[in-house]
Amino acid sequence: MAPQDGLTANIFKRTAPVPLRPLPLLRVDGLSVSYGPHEVVTNVRFDLGRGESLALIGESGSGKSTIARAVLRLLPSSGRATGRVAFDGQEVLDISERGFRPLRGRAIGFVPQDPANSLNPVRTIGAQADEAAALLDEPDRAIRKQLILETFAEVGLDNPQRIYDSYPHHLSGGMLQRVLIGLAILPRPALLVADEPTSALDVTIQKRILDLLTRLQHDLKISLLLITHDLAIAAERANSLVVLKDGVIQEAGRTAAVFSSPASAYTRKLRADVPALNPDRYAALRDVGLRALKTGEAATPKIAVNAVTKTFTVDGKTLTAASDVSFAVPAGTTHALVGESGSGKTTAVRLLLGLEQPDSGTISVAGEEITGRSPEALRSAWRHLQLVYQNPFTSLDPTWTIEQLVREPLDRFGIGTRKERGERVREALADVGLGEHFLARKPAALSGGQRQRVAIARALVLKPDVIVLDEPTSALDVSVQAGIVEVLLSLQANLDLTYVFVSHDLALVRQLAHTVSVMHRGRIVEHGTVADIFDNPQQPYTRSLLASIPSGVTGAAAAPHRQFRAAADA
Amino acid sequence: MNSAYLAYAAKRLAQALVVSVLAYILTFVVVSILPGDPITNVLRDPQNGFTEDEIKAIIAAQGLDQPIPVQLWTSLSHFVTGDFGLSMRSSRPVATLIAEVLPSTLTLASAAFAIALLLAVTIGYGTQFLPKRLGQGLLRGLPSLFLSVPNFVIGLILIHVFGFQLGLFRVIEPNSFWATLFASIALGIPISARIAEVLIANLDKESEQEYAAVARGRGLTQMRLFARHLLKPSSLPVVTVIALAIGELLGGSLITETVFGRTGIGSLVQRSVSTQDLPVLQAVVSLAALVFVIVNLLADLGYPLLDPRVKLIGDRKYRPTTADDSPATVTAAVTS
């Protein structure tokens, strides 16, 4: 926001020839953003035409969200943006907040990444929706409310009145994201900035939300600036792509061109990391388990879950979280539990770990009965049965060093001498690909992928037979996820581990699992080998799950908005 | 107002009653086991000229020869009906003595509280929106400054500057409007500091939340963003601090009343302590405990109304799924 930039901008405006093609709705030119001395975005330029969609792609730390924030002028106070951002021909980077505020909401809408934290938790949805409706300058409160209810219906929310009266914590993530999209489109903005709008949601919900965004974009002629780390999603939904790495554009152009024949090595890597596009990427590693599956079918399974039922009582209503759930996992293989949120996956995991007792049925792990055990007896079972939790950002005590974290299970079980424990810790860290220099660090100094490796090492250190992986990569980027998957598979091949892999991401399941149980409303609706389920699904529910995997084709690439000029200046 | 809330309110009310009675018993027991017996001291004072038999008769008539539990019961049942006994020095009913000075103290305390809230919210707003170059850092330092200056010093400074130098009020008329106002300011400043500290910390936290950015993206003005989005969630922890600050208000009013020469509960307590007037002290301490219990009860009852996420029922059988499940407990359970 240096003054000379404003000057240049004005000169540019005065001397620029009348554009032959229509002015792009959003023109970003030479945009750099820095936090203190660190430049996180460098000289980024792209154009987004009216009614067009453009996706910014990259891993976390690539600066894609920072660009979105700079366009929205929502950078934290330590952030400094320089360069040009022109909205509808008007320079917006160096005008005052007072001058920019009329554009907020009215002209530029924002759909945030994490719907659960994006609405004020202590105010009703209606009260917050009214703020968006107020942008329409409609003085009559009743009419405003009617508009809100209509918008809620438009974004596919049943019973808008109930939503209006609810507090955010009453609604699921998918519903909240619909609310937020509704609030963003309510004042009919010309530009919608969606910052990873689905990365906190289930795959099936993700598809519905993206479909909704695409539909609204076409119906309301809104331009969409989509930020995502998933190349498949970007390719499905955007007319043009901008690929970023470390704040620098690697590649930009029309979606079809960039996606089918990527010019940069980085884009090719991003493409290779998307599970949906590369189902057989780890075939060699996975074959070890497949052989174990064939030989293990006759032997006693490592995990046997028999007709387990669990119900909870909430506010007098009975909720069946697991109903007659049975599955068996042969030693050295991976069994995937697949389903949406609320399908009973998490209850199944808690039952398996002995953290809940089933109402009926039995569970045994490595020949030992888990059900009906005292807490002391469960402790011995946990030596063979470990958990890797889904969110490495919250599952590691931030005040402990990595060495303490990984060593804790050994200390708790009193295994080996002090020296042996130290060696075992280093061994486990080496197994997950972390060097000794990590020992003294604390979780805050580690990236998400490194943290999840620590969590895996912590599970490995006891040399368990079975590791329960509860959505181990759902908090991570596609590229980081690929690294974790590789670690997990090579550990399994080398150490003969048995995995129970809980996930809603079918593409990932296809890459690493051997057998699959599809869960829906507490029941297993279909089970079989990965080949059975993916190549020949029997149940409509399974088919709908499979259909929601983003494939990188269809969608906006074929959308009827081609008359506008290519958005990105490659 | 649903049945869960009413059940919760009833439970909290019952708890508050129990605490109040226990507080009364505790003060009573402490007073009765203290060495020295001011009652017989008074009776045996040669100036009063009672004979030994008369003393015994008086003690028996007042029930003071009864076992402690019986005395406690008598005293408690009288207290509940508003009969706090007679002052030992003036022989007037304690209830009357307190009623005489209560309005003055209530005026002072409520004005001080209002000033404290106003100051705290103003400081809070400033820390969020005042540009750095216009002294945001100074504002953030204010609470520590307020806390580190004893309130009698603030009082003396105010008296000196506004009373003597500017002549806004006459020190010999402590109940005039201006004198009351400045006494309230002196009392309110340290309390505003406590509230402001917590408020600033929470405003900082809340304004970094995603929903604040989203709301800003919706085109809200600063004032609306503050009043509608930041203030309410930030004030939840403040409610607890306010409940605790009431105690400080009681203690602080004693000093402030002395400094400004006001008659009030503070001066009554001061006199009663120096003359060992136990019935007055017992009544004031018990009433103070009662005020404390009531304020905390109000805070507890207000909390669920302010924060819809507060769950009123303690142990539920149902466990929420992954999102709400504390990962630390799950992993800790498995590794330990």
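Strand β4 (residues 79-87) of chain A pairs with β5(A) in the antiparallel sense over two bridges, where pairing requires that DSSP finds at least two bridges between two strands. Helices (H or I, at least four residues) and strands (E, at least two) are DSSP runs, numbered from the N terminus. The model is a predicted one, in which local features need pLDDT of at least 70 and side-chain atom pairs count only at pLDDT 80 or more, while totals for chains, interfaces and linings use all residues. Residues are numbered from 1 along each chain as its sequence is written, and chains are lettered from A and ligands numbered from 1 in the order in which they are written.

Within this pair, A:Phe87 stands opposite A:Gln90 of β5(A). Both strands belong to an open, antiparallel sheet of four strands, ordered β2-β1-β4-β5 in chain A. Because β2 (38-48) and β5 (90-91) of chain A each have a single partner strand, one side of each of these edge strands is left without a neighbour in the sheet. Helix α2 (residues 64-72) of chain A packs on the sheet and touches β1 (26-35), β2 and β4 of chain A; contact means C-beta atoms, placed from the backbone, within 7 Å.

Turning to the chain interface, 42 residues of chain A are in contact with 30 residues of chain B. Elements of chain A that each supply at least two residues to this side include α4 (125-133) and α15 (402-413). The side of chain A that touches chain B comprises 20 nonpolar, 14 polar and eight charged residues, with Ala, Val, Leu, Ile, Met, Phe, Trp, Tyr, Cys and Pro counted as nonpolar, Asp, Glu, Lys and Arg as charged, and the others, Gly among them, as polar.

How values were computed. Two residues are in contact if their C-beta atoms, placed from the backbone, lie within 7 Å. Axes are lines fitted to C-alpha atoms, for helices over the stretch in contact, and angles run from 0 to 180 degrees between N-to-C directions.
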